[in-house]
Amino acid sequence: MVAFVTANLKEIYIASNEPEAQLGRERFADKSGDPYPKISKSWPKDRPKFFMPFEYPPKIHEVIYTTNAIEPLNNVIHKATKLHKVFPPNNSTMKVVYLAVQAALKK
């Protein structure tokens, strides 16, 4: 069931403009029917949230709808900060994060 929802929602989020996304949303509502009424009913109410990415250029839209660009950075920060139990000065955490991100950028 989760694969069905994911596959059909992807059609909406990879659309290149709002009319295509609306068409994908309508197809999803037709396919999902009764098993997912909450998803289909939430779109009209939360329309600005769902279609906000289409106000931006396609490259930015791609970054908004996917977390793939963010997850590796979160992993780098998590790995760097979990090694330290305590960060005495207030800015020491920021220094560790900055150095970890700089090291990751070199790779």
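My entries below go from the overall picture to single residues.

**Entry 1: ground rules.** This is a predicted model, where local features need pLDDT of at least 70, side-chain atom pairs count only at pLDDT 80 or more, and totals for chains, interfaces and linings use all residues. I number residues from 1 along each chain as its sequence is written, and side-chain values use heavy atoms, with hydrogens and water left out.

**Entry 2: confidence.** I looked up pLDDT (the predictor's confidence in each residue, from 0 to 100). The mean for the protein is 76, and 84% of its residues reach 70 or more. Among the elements, helix H1 (residues 2–13) has the lowest mean, 70, while H7 has the highest, 87.

**Entry 3: the elements.** How many helices and strands are there in the protein? I found seven helices and zero strands. Helices here are DSSP runs (H or I, at least four residues), strands are E runs of at least two, and both are numbered from the N terminus. Written out from the N terminus, the order is α-α-α-α-α-α-α.

**Entry 4: burial and contacts.** I checked how much of the protein is buried (under 20% relative accessible area; exposed is over 50%, partly exposed is in between; 1.4 Å probe, protein chains only). Of the 107 residues, 23% count as buried. Then I turned to contacts (heavy atoms within 4.5 Å). Taking those between residues at least 6 apart in sequence, 47% join residues at least 24 apart.

**Entry 5: the core.** Eight residues make it up: Leu9, Ile12, Ala15, Ala21, Phe28, Trp43, Phe51 and Phe54. H1 and helix H2 (18–32) each supply at least two residues of this core. Leu9 touches Phe28 and Trp43, if I skip residues up to four places away in sequence.

**Entry 6: three single residues.** Tyr13 sits in helix H1. Is Tyr13 exposed or only partly exposed? Its relative accessible area is 27%, so I put Tyr13 down as partly exposed. Tyr13 and Phe54 are 41 residues apart in sequence, and their C-alpha atoms are 9.4 Å apart.

Pro58 belongs to helix H5 (residues 58–65). Pro58 counts as exposed because its relative accessible area is 62%. From Pro58 to Ile14 is 44 residues along the chain and 9.5 Å between C-alpha atoms.

Ile77 is in helix H6. With a relative accessible area of 23%, Ile77 is partly exposed. Leaving out neighbours within four places in sequence, I found Ile77 in contact with Val97 and Val101. Ile77 and Tyr98 are 21 residues apart in sequence and 8.8 Å apart, C-alpha to C-alpha.

**Entry 7: the lining of the largest pocket.** Which residues line the largest pocket? I listed Asn75, Val76, Lys79, Ala80, Ala100, Ala103, Ala104 and Lys107. A pocket is an open set of points on a 1 Å grid over the protein atoms alone, where a 1.4 Å probe fits, with protein on both sides within 12 Å along at least five of seven lines; lining residues have an atom within 4 Å of a point. Helix H6 (71–82) and helix H7 (92–106) each supply at least two of the lining residues, and the largest share, four residues, comes from H6.

Conventions. Core = buried A, V, L, I, M, F, W, Y, C linked by side-chain atoms within 4.5 Å.
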